[in-house]
Amino acid sequence: MLGHNLCTFWWRLAPRDMTDLIRKGQDSWCGPELLRVQALRMREQPGQRATALALLDDALRMARAQGALAWELRSAISRVDMLRDQPGAQAARAELAELVQRMPEAAGTADYRRAQGLLDAQPPA
């Protein structure tokens with residue numbers, strides 16, 4: 001359980017495969033972050049981009065269901081980052097922009113600054 005919690009500080013500290021635990025509801029409070037971490041690992045493997053994106057979609061759905069804006073922001077950032085110059089990039093970017101607008105109280109956080117940096121660096125097409 002400690003490894004699951006540590007991933008909230010640095011994604012490489014998470015256990016290797018935790019998607020089964022999450023889907024069984026055994027680690028729900030940080031489930032969206034664990035799915036995001038799994039997606040980050042999958043994107044590093046050849047031919048796993050679609051699986052990684054599906055995990056990010058699951059993370060976003062779970063974060064929304066929990067009302068966990070911070071986890072939703074992290075997952076949306078990862079999705080924009082993963083989809084750079086790919087099909088779906090513009091929609092992911094629009095989703096991130098909408099989320100950033102809903103979270104003005106998070107403006108001082110590292111995740112918010114990263115999101116804003118991604119939005120500033122990638123002007124709409």
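## Helix packing and nonpolar cores: worked exercises

H5 and H7 are roughly parallel to each other, because their axes cross at roughly 30° and angles under 35 degrees count as roughly parallel, over 145 as roughly antiparallel, 65 to 115 as roughly perpendicular and the rest as oblique. This is a predicted model, in which local features need pLDDT of at least 70 and side-chain atom pairs count only at pLDDT 80 or more, while totals for chains, interfaces and linings use all residues. Residues are numbered from 1 along each chain as its sequence is written, and side-chain values use heavy atoms, with hydrogens and water left out.

**Exercise 1.** Describe the packing of H5 against helix H7 (residues 110-121).

*Solution.* Begin with the axes, which come within 10 Å; they are lines fitted to C-alpha atoms, for helices over the stretch in contact, with angles running from 0 to 180 degrees between N-to-C directions. Next, take the residues that meet (contact means heavy atoms within 4.5 Å): Leu73, Arg74, Ile77, Val80 and Asp81 in H5 face Asp111, Tyr112, Arg114, Ala115 and Leu118 in H7. By class, this contact holds six nonpolar, no polar and four charged residues, where Ala, Val, Leu, Ile, Met, Phe, Trp, Tyr, Cys and Pro count as nonpolar, Asp, Glu, Lys and Arg as charged, and the others, Gly among them, as polar.

**Exercise 2.** Determine how helix H5 (residues 69-82) is oriented against helix H6 (residues 89-101).

*Solution.* The two axes come within 9 Å and cross at roughly 150°, and H5 and H6 are therefore roughly antiparallel to each other. On the H5 side the contact includes Leu69, Glu72 and Ala76, and on the H6 side it includes Ala92, Arg93 and Leu99. Sorted by class, the contact has nine nonpolar, no polar and three charged residues.

**Exercise 3.** Locate the largest nonpolar core and its main contributors.

*Solution.* A nonpolar core is a set of buried Ala, Val, Leu, Ile, Met, Phe, Trp, Tyr and Cys residues joined through side-chain atoms within 4.5 Å, and buried means under 20% relative accessible area, exposed over 50%, partly exposed in between (1.4 Å probe, protein chains only). The largest such core has 26 residues, and Leu73, Ile77, Leu96, Val100 and Ala115 have the most contacts inside it. Helix H3 (31-43), H4, H5, H6 and H7 each give two or more residues to this core, and the largest share, six residues, comes from H4.

Notes: Helices (H or I, at least four residues) and strands (E, at least two) are DSSP runs, numbered from the N terminus.
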